[in-house]
Amino acid sequence: MSGGDAVQWGIPMTRQAQDVLQAALALPAHGRADVAAELLASLHDRPEADKREFEEAWGREIERRGRRVMAGTSEGETWTDVRARLVERLTER
């Protein structure tokens, strides 16, 4: 995340969120997993308006990705390739 605001799900990420993300990414794998689990769990306890915003943001992201595939600008990747890349990233940390 260098230069400018990071964007997640089509929504600009605040400086505070970027700082928290950078701090979390510096944790060892088990610490990152704990933080990720707590953040995901917190999404289920949010007011209905927050859930709607989250679902709408995901809807926009799915739409964006679908349009890229339909336009031929994104071919996607096989699960085998994605899984191998994720395993490699996780073992590097």
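## Salt bridges and a charged patch

Select Glu61, Arg64 and Arg65: these residues are linked in a network of salt bridges. The model is predicted.

Stay on Glu61 and Arg65. Their side chains meet in a salt bridge, at 2.7 Å from N to O. Both residues sit in helix α3, four residues apart, about one turn of the helix. Glu61 is buried, at a relative accessible area of 9%, whereas Arg65 is partly exposed, at 46%.

Next, select Glu63 and Arg67. A salt bridge joins these side chains, with 2.8 Å from N to O. They too are in helix α3, and because they are four residues apart, about one helical turn separates them. Arg67 counts as exposed, with 58% relative accessibility; Glu63 is partly exposed, with a relative accessible area of 41%.

Now go to helix α1, residues 15-25, and select Arg15 and Asp19. The two form a salt bridge whose closest N and O atoms are 3.1 Å apart. In helix α1 they are four residues apart, so the separation is about one helical turn. Arg15 is exposed, with a relative accessible area of 52%, and Asp19 is partly exposed, with 42%. The count of salt bridges comes to five.

Last, select Glu48, Glu53, Glu55 and Glu56. On the surface, these residues gather in a patch of negative charge. Glu53 is found in helix α3, which spans residues 48-71. Glu53 has a relative accessible area of 45%, so this residue is partly exposed.

Note on methods. Residues numbered from 1 in each chain as written. Predicted model: local features only at pLDDT ≥ 70, side-chain atom pairs only at ≥ 80, totals over all residues. Heavy atoms only, no water. Patch = residues over 30% accessible without salt bridge, like charges linked within 9 Å, V, L, I, M, F, W, Y side chains within 5 Å. Areas by Shrake-Rupley, 256 points an atom, 1.4 Å probe, with all protein chains shown as cover. Salt bridge = Lys/Arg side-chain N within 4 Å of Asp/Glu carboxyl O. Lys, Arg positive; Asp, Glu negative; His and termini not counted. Charge placed at Lys NZ, Arg CZ, Asp CG, Glu CD. Helix = DSSP H or I, 4+ residues; strand = E, 2+ residues; numbered from the N terminus. Buried < 20%, exposed > 50% of the residue type's maximum accessible area, 1.4 Å probe, protein only.
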